[in-house]
Amino acid sequence: MQQKRAYWRKLDNAAKLFSATSNKKDTRVFRFYCVLKEEVSQGKLQDALEKTLVTYPVFLSVMRKGLFWHYLEKSQLRPVVRKEYKEPCSNLYIRDKKSLLFEVTYYGKRINFEVFHALTDGTGATEFLRELVKNYLYISHKEEGLPDVPLLDENVTVQDQENDSFSKYYSEVKKKKEKKPRAFQLKKPRKEVGMLQVNEAVLSVKDLIARSRELGVSMTVFLTTIYLMAIHREMTKQQEKHPVVLMIPVNLRKFFPSDSMLNFFNWIEPGYHFGRDGGDFEKVLGHVKAYFEKELTTEQIAKHMNELIALEMHPILRLAPLELKNLCIKAGARYAEKDVTAILSNMSAVHMPQEYVPYIDRFGVFTSTPKMELCVCSFGDKLSLGFTSRYDTINIQRNFYRILKEQGINVEQVQPEYPEPDVPGELEIKVFRFYSFLCLAAIVAFVAADFTFHPEIQWPLFTAAGIGSMWLASWIGFIKRYNLMKNAMWQLIIVSVGCILWDVFTGWHGWSVDFVLPIVCMSILLSMWIITKVQRHTAREYMIYFVMAGGYGAILPLILLLTGVIKLPIISVVCVVICFLFLAALVIFKGKEFREEMHKKFHV
């Protein structure tokens, strides 16, 4: 019998990067899919998903935000299978919105599993999809005698799945990282924002392995060489002064024993300088082969892994607030992108029990990426290639297929079928932009009218400031619309600080601290309590917001009272007493949840 899973857990080393850098243009979402030989049934797929989550409950997590780091928290949300309805690899992690970090959809004969990279890596996603497809086929064909074959070792516990293998195998390193030359960067015409270009092909695994063996290299070395050559064919002589460098993720489970379903990968960066070393296929192949032999050793992989984790362990970085930390991580990621031209991810072979093979056509994978990326996986004799990019060209893909044919390997290009997205467009954003334009137009109109008719009167400045204050409160409300509790906390800060500034710049009459501050503090605390009751939040969900609002309402008015700033103390005294008693009630009656939330939010 498996033990219970942890209520919350820290992010692994790789997940911290993805949580900080993901956005609408770079969602950090990847798709694994399986094409069956039969149409997919929504009801059966939903049943199969529920059964899969019993085996892999770690996927039922949501992303939460602490003071120093994001973290993953156990959730009671349940996924609902839908017919495919939006662009592949669309955003799954929406800040401030409590939602699962994966999605299962279907279209025709295809089962899609999309997941945010902070939740798992390619190996974890493959295992989840294998279990899902097995469960679906068993539910669909059990009456025909199809056996329910277990895929996961019965000795693997939920705790094994949740283990952070990065931390387990980390050891300190003191070696300084070598400076890398800037890699050649693809600068093709960009596609429209949000449009991910997917280009897929299928070829024979047997043919690919046979040719690789003839050349005396592995399949990955062979494909890496072809990828480098395909990119080089699009380079000018001037561009050849920079090397072409590929980032290739490496599954660390092949070097360090681990049953973790979390991220546990690193990468190597094979490259070739065509301008300096020439462009013969054999020469490039030999260079790549030597690089793989040098870098793909346990010692080298461990060294690179430890260098990355050492950054996370740095005391200054660990103690930096999350927002500052995210800025540093984004800047570092953007700087590191200059070291790489494109990405190649080999997810290796997907294996299924022999009894299930006749029902499956193939597996495939691709991902959202700011660069060009090629993802590879195989099933039986079918190797699926999935190119993705946001460039409005397919020349490199065409070159890749041509070189394969030059090497005697036939390629069958696949035209992926995707439904027209039925997700509403960016209507909310358009409405808010129109509202922002109206606010700006009103400010300009008032200032222009005053300059024309009453240049000696400054009242339009106050009008403009009032409109600006209204817009700021509306903007905060809009971007925090997915989390009403956080929205209320922001409104408390904006309204109270804004009123104090108004009071200061209009001659200071004290109304902002005598009346507005305590009344707003008590009103927001009441509104949070109402939101909690209406949305049925658990103590763990509302605790941090009650603590922040209660602390704000107790400490700030108390300081103003003690310093004599407040001239009418009665309302502020009532506010301080109510907020203090509210905080005391949280500690006394919800002490366990209070301690857990403080530990989660302030873990370093």
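Strand 3 and strand 4 (residues 70-74) are joined by 5 bridges and run antiparallel; strands here are DSSP runs of E with at least two residues, helices are runs of H or I with at least four, and both are numbered from the N terminus. Within this pair, serine 61 sits opposite lysine 74 of strand 4. The model is a predicted one, with local features needing pLDDT of at least 70 and side-chain atom pairs counting only at pLDDT 80 or more, while totals for chains, interfaces and linings use all residues. Residues are numbered from 1 along each chain as its sequence is written, and side-chain values use heavy atoms, leaving out hydrogens and water.

Zooming out, 3 strands make up an open antiparallel sheet, ordered 1-4-3, where pairing takes at least two DSSP bridges between two strands. Strand 1 (8-10) and strand 3 (61-65) are the edges, each pairing on one side only. On average, neighbouring strands are turned by 30° against each other, direction ignored. Helix 20 (residues 591-601) lies across strands 1, 3 and 4, at about 145° to strand 4. Angles run from 0 to 180 degrees between N-to-C directions of lines fitted to C-alpha atoms, for helices over the stretch in contact, meaning heavy atoms within 4.5 Å.

As for disulfides (cysteine sulfur pairs within 2.5 Å), the structure has 0 of them. Cysteine 34 has its closest cysteine sulfur in cysteine 377, at 9.7 Å, so a bond is out of reach. Likewise, the sulfur of cysteine 375 is too far from its closest partner, cysteine 89, at 8.5 Å. Cysteine 34 is buried at 0% relative accessible area, and cysteine 375 is buried at 1% (buried is under 20%, exposed over 50%, partly exposed in between, using a 1.4 Å probe and protein chains only).
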